[in-house]
Amino acid sequence: MTQPQLRTATAADADALGIVMFRAIHEGLSPYTQEQRIAWLAQPYIGPDWSARLAAQHVVLAEPDAITGFMTMTPEGYIDLAYILPVARRQGLFSALLSRITDEARKNGLTRLSTHASLMAQPAFARHGFVIDHHETVTRHGETLARAAMWIPV
């Protein structure tokens with residue numbers, strides 16, 4: 001298996017990351033219904049608000065040719081976003097992205113990472129030692145989505 005090519009995102013990557021997020025939610029198998037996926041994200045994030053959200057975080061992306069996945073972390077150690085295109089799953093990309101995020105967390109003196117993981121992401125986080133603090137649901141546009149609050153010491 002080839003090592004993924006990772007780099008820190010720049011402002012110029014923002015719209016492409018919004019498209020990767022949208023595709024990761026809407027393409028491939030999912031425990032969420034089509035209605036839930038639309039409620040989660042009806043169209044890709046783009047524009048200044050999205051760019052500002054990403055600019056406030058450490059963003060690592062993978063791009064052998066085009067961007068296939070990314071992960072973000074706030075300065076407090078919260079993994080806000082973790083999305084991988086279906087064609088790039090099960091190739092070690094999640095592990096590589098999380099490793100880079102964990103390195104950055106340690107470099108910044110953080111002692112814990114946390115996230116709210118979707119049903120899709122929970123197994124990947126659990127394989128890397130994240131534990132579930134609690135399960136919860138969120139309602140978006142009339143649809144209820146299950147997720148779990150998870151954390152790990154770093």
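1. Is Ser118 buried or exposed? Ser118 counts as buried because its relative accessibility is 13%, where buried means under 20% relative accessible area, exposed means over 50%, and partly exposed is in between (1.4 Å probe, protein chains only). Ser118 sits in strand β5. Leaving aside residues up to four places away in sequence, Ser118 touches Tyr32, Trp40, Ala146 and Arg147; a contact here means heavy atoms within 4.5 Å.

2. A word on how to read this note. This is a predicted model, in which local features need pLDDT of at least 70 and side-chain atom pairs count only at pLDDT 80 or more, while totals for chains, interfaces and linings use all residues. Residues are numbered from 1 along each chain as its sequence is written, and side-chain values use heavy atoms, with hydrogens and water left out. Helices (H or I, at least four residues) and strands (E, at least two) are DSSP runs, numbered from the N terminus.

3. Let us turn to the largest pocket. About 940 Å³ of space lies in the largest pocket. Of its 39 lining residues, Ala82, Tyr83, Ser118, Met120 and Ala121 are the closest to its centre, so you meet Ser118 again here. On a 1 Å grid over the protein atoms alone, a pocket is an open set of points with protein on both sides within 12 Å along at least five of seven lines, whereas a cavity is a set where a 1.4 Å probe fits but cannot get out; lining residues have an atom within 4 Å of a point. Grid points are joined across faces, edges and corners, and the volume is the space filled by probe spheres set on the points.

4. What makes up this lining? At least two residues each come from α1 (14-26), β4 (78-84), α4 (93-107), β5 (112-118), α5 (122-127), β6 (131-140) and β7 (143-153). Strand β4 gives the most, with seven residues. Sorted by class, the lining has 24 nonpolar, eight polar and seven charged residues. In this sorting, Ala, Val, Leu, Ile, Met, Phe, Trp, Tyr, Cys and Pro count as nonpolar, Asp, Glu, Lys and Arg as charged, and the others, Gly among them, as polar.

5. Just after α4, Gly109 takes a positive phi of about 80°.

6. Helix α1 can be read in the same way. It has 13 residues and reaches 19 Å between its first and last C-alpha, close to the expected 18 Å. Buried in α1 are Ala14, Leu17, Gly18, Val20, Met21, Ala24, Ile25 and His26, and they pack against α2 (34-40), α3 (48-55), β2, β3 and β4. Just after α1, Gly28 has a positive phi of about 80°.

7. Which residues touch the most other members of the largest nonpolar core? They are Ile79, Leu113, Phe125 and Phe130, in a core of 23 residues. A nonpolar core is a set of buried Ala, Val, Leu, Ile, Met, Phe, Trp, Tyr and Cys residues joined through side-chain atoms within 4.5 Å. Two or more residues come from each of β2, β3, β4, α4, β5, α5 and β7, and α4 gives the most, with six. Apart from this core lies another, of 20 residues, among them Val20, Ala24, Leu61 and Leu85.

8. Finally, look at two loop residues. Arg90, in the loop between β4 and α4, has a positive phi near 65° although it is a residue other than glycine. Arg90 is exposed, with a relative accessible area of 80%. His141, in the loop between β6 and β7, has a positive phi near 50° and is exposed at 74% relative accessible area.

Key: Expected span 1.5 Å × (residues − 1).
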